[in-house]
Amino acid sequence: MLFNSIDFLFFLPIVFVVYWGVFRNNYQYQNGSIVLASYIFYGWWDVRFLALIVFSSVLDFGIGLKIDQTKNTKIKKRWLWLSLSANLGILGFFKYYNFFIDSFVQGFTFFGISLETTHMQIILPVGISFYTFQTLSYTIDIFRNQLKPTRNIVAFLAFVSFFPQLVAGPIERARHLLPQFHKKRTFNYSESVDGLKQFLWGLFKKVVIADSCAEMADWAFAHADTYSGSSLYLGAIFFAFQIYGDFSGYSDMAIGTAKLFNFRLQQNFAFPYFSRNIAEFWRRWHISLSTWFRDYLYIPLGGSRGNKWSTIRNVCIVFVISGFWHGANWTFIGWGVLHALFFLPLILQKKNRTYLDTVASNSVFPSFKEIVQMLITFNLVTFAWILFRATDIHQAILIYSKILSPTLFETPEYVYIDVLIRCVFLIIIFGIIEWIGRREQYAIEKIVSAYPRYIRWSFYSFIIVLIGVFAKTKESPFIYFQF
Amino acid sequence: MLFMLFLLVFYIIGTVSVGLFFPKPLQLNINYALGKHGHLNSKIKEIPLHQNTDILFLGSSHCYRGFDVRIFEKAGFCSFNLGSSSQSHLQTNVLLKRYLNQIQPNTIIYEVYPNIFEIDGVESTLDLIANDNNYDYLWKLIVEHQHLKVFNSFIYGAFRKIVGLDKDYVEPTVRGKDKYISGGFVERKTSEFNAYFKPSSKPIEYKQNQLKAFEENIKLILSKKIELILIQAPVTRAYYSSIVQPQKHDALMENYSPYYNFNDRVELVDSLHFYDYHHLNQTGVEIFNQAVLDQLLLQQKEIR
């Protein structure tokens, strides 16, 4: 089920009424209703893969208890390895099996050996990368003695399958989300209004910004072989807005929906395109995944505590695996490598933590230097998005070769000038609102909160009119569903 | 609750403002198509002049571009063509309920292009919103579609009608290569031929709501004791041969009424008798209409 679908428009109020109306006095029943709602939400897409979520949940629930019960570190480790291998094994099979087979065959072909292999028709279960990482954080944290295992299986099933963030995050840590299932929740009007506001902003980002820009980006990437460098780069810029609107829009809708049930999910995006360097970008983009890799991969590898070479190695490993997490394609690995190359100079010069605050935090407008820094960062990120969006590595190379040629300075050959005008208009409105709200959790959180009611209502109604007038009417799935 | 009321008022004002003051590229979901392709605006204004007609034609562009009222008049049949742009069975239903009692035809020729059973019908509803002056029957379509374009265009259209912005509108008779002929036909005299089309790889997928509306239309027509003939107008050979299992559609249509598929009944040459893969040019229309007339006369003889 998509957040931007008619089905969800009916589903959400029903769950809301059952949760607060029928079970408001018993949080255990509320947890049960969340599990049921989450399984319906997920099963709407494909009921067969519910078994995977249940299996993964029950396995990690049991392993969590086993790790806690034993004092023997070796046995604890064995249980952890079982959790890691089972979860990553399932993920590997569904997501990477065909990729490894193909790469293996291509590798042998390169040396003149031809191999006969059979492909399997494997459907990638939606959200598998997200809930796998979420359950892994549970067993790892118990192993590290950072978390006590839960003995309440319903709460644990609800934690793993919590429908607002099940299919595309934010990837919640058990330490943060699981305790929320163990306490009584009471209806909070202002929290719910806040949730609706965040949902509304997320919906705007998805159906207006992302879906409009998708038209331009898709058009450019579909004509990679004939278009000039300038058109292709413009297409990449539109893709940058598309993926931001799409993914951060989903996150806002997820966080907003969770607030309706009085749950707090972690912030997943913090205005990444206002970053002044790549390190800041990675502190602001897909925060739940970046911090997951930081805590469960980068720091255990040694982080930046070792010598220069071990730091380079660790950064490269994290970015390559992060790229590979996104999809079984060399383009994602290339995207990770490119970001590692952008990031390394900063970490080697110890400038990766230079910008921890918000840009222009004490002023309305950024300084000239900040504008230049943001533009450079945005262009580096956009340059890398080409690898992310390209269908394969050959297309990415073709696009890069055109962008790095004199055709970059030719007039772009877009046919749909109407779409171009509309996208630019919407991006300007979007950019202004995001800039004004850049210090908050999401752009419209407090943008009009100090004003009288009629101004606040007019502003929210204005966003709804924009959605009504500019939303693409064809339901389109979220990009990150494929990961 | 109060916010919902506020939102409703704000939304109406916002939508109308966008419709009135924003340039076309910024009116994505407001598609107020006053006086477009099928000349529905002109047709509806002409309806009072065509009461008690012999033949009423219904259908999409295959209808308003396919049945030339002048040819039928020459043969002694007084006729009116109520075909409109992408008119699906949902809109035919609205038009029949609105105008059938006024026109009171003896015979209805209903064009049943298979593709029309597969579409959502939004384009045609937008046509009705802009070009029909009565909104009484449109509510059903608005609920049926649940489509932002339909909803917004309806709000904007209602405002224009209430304020009277379209009251003096006169649709041009000639638009591009098309010429409107009184009686509802749209003529295109051209020797140009655009052969491009995207072949379909799937059999016809009937939308349940279209099929239901189609059956309702048949019932309504037959309940008025009007003679009904279902016709499939010809398309290019190249396109017709790409349709998967066209005989299934023939078999389905034969269940409802006398049905003639003119793809099998007239000899046409793609490049000579069509201007694109599924629309006849004037030369093609003349051959096709003569074949329809022959069939009509034959049928009348058989009845006698």
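Visitor: Against which helices do the buried residues of H6(B) pack?
Guide: This is a predicted model. In it, H6(B) is mostly covered, with 10 of its 10 residues buried. Among them are B:Val122, B:Glu123, B:Asp127 and B:Asn131. The partners of these buried residues are helix H2 (40–46), helix H5 (89–103), H7 and H8 of chain B.

Visitor: At what angle do helix H6 and helix H7 of chain B pack?
Guide: Two packed helices are described by the angle between their axes and the distance between the axes. For helix H6 (residues 122–131) and helix H7 (residues 138–145) of chain B, the axes are 11 Å apart. The angle between H6(B) and H7(B) is about 150 degrees.

Visitor: Is H6(B) roughly parallel or antiparallel to H7(B)?
Guide: The packing angle is about 150 degrees. Angles over 145 count as roughly antiparallel. That makes H6(B), relative to H7(B), roughly antiparallel.

Visitor: Which residues in H7(B) meet H6(B)?
Guide: From H6(B) come B:Val122, B:Thr125, B:Leu128 and B:Ile129. The contact of H6(B) with H7(B) divides into five nonpolar, two polar and no charged residues. On the side of H7(B), the residues are B:Leu138, B:Leu141 and B:His145.

Visitor: Is B:Gln91 buried or exposed?
Guide: B:Gln91 is found in helix H5 of chain B. A residue counts as buried if 20 or more other C-beta atoms lie within 10 Å of its own. B:Gln91 has 26 C-beta neighbours inside 10 Å, so B:Gln91 is buried.

Visitor: Which residues does B:Gln91 touch, not counting residues up to four places away in sequence?
Guide: One pair to set aside is B:Gln91 and B:Ser60, 31 residues apart along the chain, with C-alpha atoms separated by 10.0 Å. Contact requires C-beta atoms within 7 Å. By that rule, B:Gln91 touches B:Gly121, B:Ser124, B:Thr125 and B:Leu128.

Visitor: In what order do the five strands of the open parallel sheet of chain B stand?
Guide: The edge strands are strand S2 (79–81) and strand S8 (259–261) of chain B, each pairing on one side only. The twist averages 20 degrees from one strand to the next. The order in chain B is S2-S1-S3-S7-S8.

Visitor: How many residues of strand S3 of chain B are buried?
Guide: S3(B) has a partner in strand S1 (residues 55–58) of chain B, parallel over four bridges. S3(B) also pairs with strand S7 (residues 227–232) of chain B, parallel over five bridges. Strand S3 (residues 107–111) of chain B is largely enclosed by the rest of the structure, so the buried count is four of the five residues.

Visitor: Which residue in S7(B) does B:Ile108 stand opposite?
Guide: B:Ile108 in S3(B) stands opposite B:Leu56. B:Ile109 stands opposite B:Ile229 in S7(B). For B:Ile108, the residue opposite in S7(B) is B:Leu228.

Visitor: How many bridges join S7(B) to S8(B)?
Guide: S7(B) and S8(B) run parallel. One facing pair is B:Gln232 opposite B:Asn261 in S8(B). The number of bridges from S7(B) to S8(B) is three.

Visitor: Which element gives the most to the side of chain B that touches chain A?
Guide: The contact takes 19 residues from chain B and 15 residues from chain A. Helix H1 (2–21) and helix H8 (148–163) of chain B each give two or more residues to the chain B side. By class, that side has 11 nonpolar, six polar and two charged residues. With eight residues, the element that gives the most is H1(B).

Definitions and conventions
Residues are numbered from 1 along each chain as its sequence is written. Chains are lettered from A and ligands numbered from 1 in the order in which they are written. This is a predicted model: local features need pLDDT of at least 70, side-chain atom pairs count only at pLDDT 80 or more; totals for chains, interfaces and linings use all residues. Two residues are in contact if their C-beta atoms, placed from the backbone, lie within 7 Å. Ala, Val, Leu, Ile, Met, Phe, Trp, Tyr, Cys and Pro count as nonpolar, Asp, Glu, Lys and Arg as charged, and the others, Gly among them, as polar. Axes are lines fitted to C-alpha atoms, for helices over the stretch in contact, and angles run from 0 to 180 degrees between N-to-C directions. Angles under 35 degrees count as roughly parallel, over 145 as roughly antiparallel, 65 to 115 as roughly perpendicular and the rest as oblique. A residue is buried if 20 or more other C-beta atoms lie within 10 Å of its own, exposed if 12 or fewer, and partly exposed in between; C-beta atoms are placed from the backbone. Two strands pair if DSSP finds at least two bridges between them.
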